[in-house]
Amino acid sequence: MARQRGTDFSSVAIRLFGYFFIGLFALFCLLPFLLVLGTSFTAEKSITLHGYNLWPKEFSTFAYKIVFENPGLIIGSYGVTLGITMIGTTIGLFIVAMTGYSLQRPDFPYRNRISFFIYFTTLFQGGVVPFYLIMTQWLHLKDNYLAVLLPGLMSPFLIIMMKSFVTSIPHAITESAKMDGAGDFKIFTKLILPMTTPALATIGLFIALGYWNEWYNAMLFLSPDLKYRPLQLFLYNVVTSADFIKNSSVSSNVQPRDMPLESMKMATAVVATGPVILFYPMVQKYFIKGITVGAVKG
Amino acid sequence: MFKRKKKALSVALAATLAVSLTACTTPSSTGTSSTDKATATAAATGTAAPSGKIDTSEFQTISYVMLGDKPKNGQFEKVMEKLNGILKQKANAKLEIKWVEWADWQTKYNLLLASGEPVDLITVATDWLDTWQNAQKGAFMPLDKLLPVYAPLTWKEVPPENWAETKYKNQIMLIPEDHYTQWVNHGFLYRGDWAKEFGITAPITDFKMMETYFQGVKDKKPGVVPWDANGTAAGNIGGYINSYTDAIELPVSTGLFGLIYGKSYDERYKAYSPILDDTFVDFAKLMKSWGDKGFWREDVLNYKGDNRSELEAGKSSVDQHHTQTFLGERIKMDKLQPGSDLQFFPFSATRNNLVSMSITHGGTSIGAKSKHPERALMVYELIRQDPEVYRLMNYGLEGVQYVIKDGKRFRPDGYDVQRDDFYSNFWGGRIDKNEIPDGNDWSGKGALYASYDKIKKPYPYGRFVFDKGPVTNELTAVTQVVGQMGPAILYGKAGDPVKAVDEFRAKLKTAGFDKLMAEVQKQLDAFKVTVESTK
């Protein structure tokens with residue numbers, strides 16, 4: 001551990017101290033997840049009797065059996081979510097970056113007014129009913145995956161974030177490129193984009209997570225007539241319907257079925273997290289940089 | 001500049017013209033074919049009801065909005081295929097179920113109606129699906145003229161006083177589920193075997209006997225929490241009021257539990273709050289003593305466990321829920337805790353204070369934008385009245401989902417829930433005469449229902465819709481007080497009960513409870529006038 005300069009006692013102590021606390025913190029972050037994992041493999045009866053356990057007292061895969069009752073459906077849902085996430089993130093990233101960049105170019109005359117309009121929507125929104133009407137009656141996007149894809153493409157927050165990041169790139173670069181004969185689009189793709197990788201990684205992760213966790217728009221616009229719907233909606237449905245069947249007070253004739261509710265919640269959580277855990281390490285190094293740079297520049 | 005303005009103006013003019021044109025054409029374009037149009041207008045005006053001549057020459061697809069999750073195991077499609085074969089033959093139509101799933105159904109259901117999507121049949125309920133609010137917004141088609149022609153059996157079957165319950169502005173908005181018996185009056189589910197052990201031989205009929213039972217569990221069943229209640233549940237106050245007064249709860253939501261009741265069935269237009277008289281003080285004292293005796297856990301207010309699975313695991317001796325739940329649990333408990341002899345103490349047992357379920361707890365309406373309301377009603381009539389269609393809709397295929405033995409329904413041998421399960425959640429017009437009794441029903445069900453039938457009174461508030469408008473602020477404030485101070489009193493954790501109740505009442509007063517009560521009374525008076533005018 002102490003190979004380099006810090007061989008003296010205080011340095012070692014600080015390191016020990018640091019590792020200890022960071023380790024402890026990491027443990028605190030990890031424990032809940034392990035608890036989720038453990039509970040998802042516990043028999044429901046054992047949960048009622050003994051509560052949640054890290055290590056299942058009575059091992060059972062019943063919860064997963066219910067979640068995967070129909071393997072074709074869950075694989076299809078994974079596919080839909082993956083597709084939407086990948087397409088959405090690629091297009092969204094491009095559009096957000098372009099908007100953010102344009103909005104801070106000093107030679108863009110109405111930049112402040114347009115920025116205000118974008119900012120304005122974060123303060124005042126139309127509400128659910130107008131949104132629903134526009135999507136279904138005007139754009140006719142009911143039961144269309146675009147209904148999930150389009151609203152997630154841009155968000156005012158990400159545009160503002162991108163804008164403040166691009167501010168750190170001197171305008172002189174744009175101007176000199178222009179003098180060398182590059183067009184605006186070329187400047188953007190060849191010069192600006194490569195310089196904003198950390199911001200792109202951060203924003204990309206935000207967009208990707210947004211799509212990955214998306215269920216509300218899917219719930220509103222994708223009816224069950226559609227065979228495959230996004231994963232989160234699928235899982236949410238599994239849990240809510242189990243919950244509903246268990247505690248139905250409005251509909252007295254729902255057929256009661258044995259539902260391992262507690263362990264099932266955990267199982268869905270595990271199923272939903274899987275790929276994100278695999279995905280995160282790949283963007284991690286950019287992510288940290290992007291967050292801090294964005295924060296410093298405000 | 002001027003030119004552009006002129007152009008904009010002409011566009012605007014064209015737009016208005018288009019809008020007004022479509023507005024004009026909408027009412028008459030209900031039918032898709034010209035012949036249909038003729039019958040529709042005839043039926044709508046009611047002047048010349050076609051004498052038994054209903055045109056079904058054109059094949060139509062009728063949509064029906066159901067609440068629930070779309071079945072995924074393929075059985076549903078098989079049943080629908082068979083059902084649609086019959087519908088094609090009898091009404092030249094096809095039924096297409098559209099599901100509103102439990103994932104956030106509150107939002108989605110109302111959005112569907114607000115968006116003006118053309119739906120034909122739709123499940124409605126005045127008490128949990130905001131039917132009156134949606135009717136106010138014009139979401140449904142008035143059925144007065146259509147029913148006698150296109151659903152004559154149902155039209156005759158539902159008595160006029162029940163049709164009166166379905167009217168908004170003197171027009172029928174829905175077909176009620178008024179010929180189907182179901183009970184959702186609440187009570188305690190308790191273990192008969194333990195009760196006997198503690199010397200309770202008669203069925204429990206009041207809170208005092210309940211206390212004896214709890215004490216027995218506390219003393220003789222170590223490791224069992226007598227009532228492992230959840231601090232967020234407020235069934236005990238409603239149950240106590242039901243047991244010790246004749247009051248009937250009004251559909252005015254005050255959050256955690258209801259504060260506003262009708263005085264009694266005879267004085268149903270008199271607003272009353274048991275919270276303001278001795279009932280509530282007595283209740284608070286009793287709950288304090290129950291809490292002190294350890295009938296529930298010390299941390300009841302923060303506890304979020306599942307009482308029912310604890311009962312099933314033998315870890316709790318009571319669950320508080322409604323009759324229908326009891327009937328299901330009874331069978332389940334016989335399997336999970338053999339010999340437990342689960343019993344039910346309905347809160348109505350103490351002084352026979354029982355009102356029926358609202359007949360509009362389930363119902364079916366036709367969407368205002370429906371393109372073929374006539375055929376939709378014909379399809380509804382078939383589902384409700386034709387035994388074959390009814391059974392397909394509710395039970396599935398004979399031999400696959402059920403078999404009949406001695407006039408009762410059983411699961412066929414080798415029935416697998418995941419593979420064979422079928423449901424259509426048709427809660428909009430079930431009817432006792434077409435039901436086949438479930439062979440697995442608890443044998444005591446008939447006696448329980450009969451005991452209810454002896455004392456039941458019709459639900460008086462099916463059409464009472466409280467307009468919150470004038471008292472929104474007061475209602476919000478009162479709801480907050482109930483949510484903040486309620487749980488502690490409900491589970492005896494508020495210290496001295498008399499003082500706690502006084503404080504609760506004082507807070508309510510500050511929140512504007514008096515004004516709220518006055519407003520309820522005012523609206524009840526108006527309600528009385530409408531009820532009496534339509535009788």
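The contact between the two chains takes 40 residues from chain A and 40 residues from chain B, where contact means heavy atoms within 4.5 Å. This is a predicted model, in which local features need pLDDT of at least 70, side-chain atom pairs count only at pLDDT 80 or more, and totals for chains, interfaces and linings use all residues. Residues are numbered from 1 along each chain as its sequence is written, chains are lettered from A in the order in which they are written, and side-chain values use heavy atoms, with hydrogens and water left out.

How much area is buried between chain A and chain B? About 3,400 Å², with carbon and sulfur atoms giving 57% of that. Buried area here is the accessible area (1.4 Å probe) that two parts lose on being put together, summed over both.

Now the salt bridges. The term covers a side-chain nitrogen of Lys or Arg within 4 Å of a carboxyl oxygen of Asp or Glu. Over all chains the count comes to 32, and three salt bridges cross the interface of chain A and chain B. In one salt bridge, A:Lys142 pairs with B:Glu117, and the closest N and O atoms are 3.9 Å apart. A:Lys142 lies in the loop between α6 and α7 (146–153) of chain A, and B:Glu117 in the loop between α4 (105–114) and β3 (121–124) of chain B, so the pair joins two chains. Helices (H or I, at least four residues) and strands (E, at least two) are DSSP runs, numbered from the N terminus. In general, side chains of opposite charge can pair when their charged atoms come close.

Next, the nonpolar surface patch on chain A. A:Phe116, A:Phe117, A:Tyr119, A:Phe120, A:Leu123, A:Phe124 and A:Ile160 make a patch of about 740 Å². To count, residues need over 30% relative accessible area and no salt bridge, and nonpolar side chains (Val, Leu, Ile, Met, Phe, Trp, Tyr) are joined within 5 Å. The accessible areas come from the Shrake-Rupley method with a 1.4 Å probe, and for residues only the protein chains shown count as cover. Which helix gives the most to the patch? Helix α5 (residues 111–123) of chain A, with five residues. A:Phe124 sits in the loop between α5 and α6 of chain A.

Key
Patches are made of residues with over 30% relative accessible area and no salt bridge: like charges are joined within 9 Å, nonpolar side chains (Val, Leu, Ile, Met, Phe, Trp, Tyr) within 5 Å.
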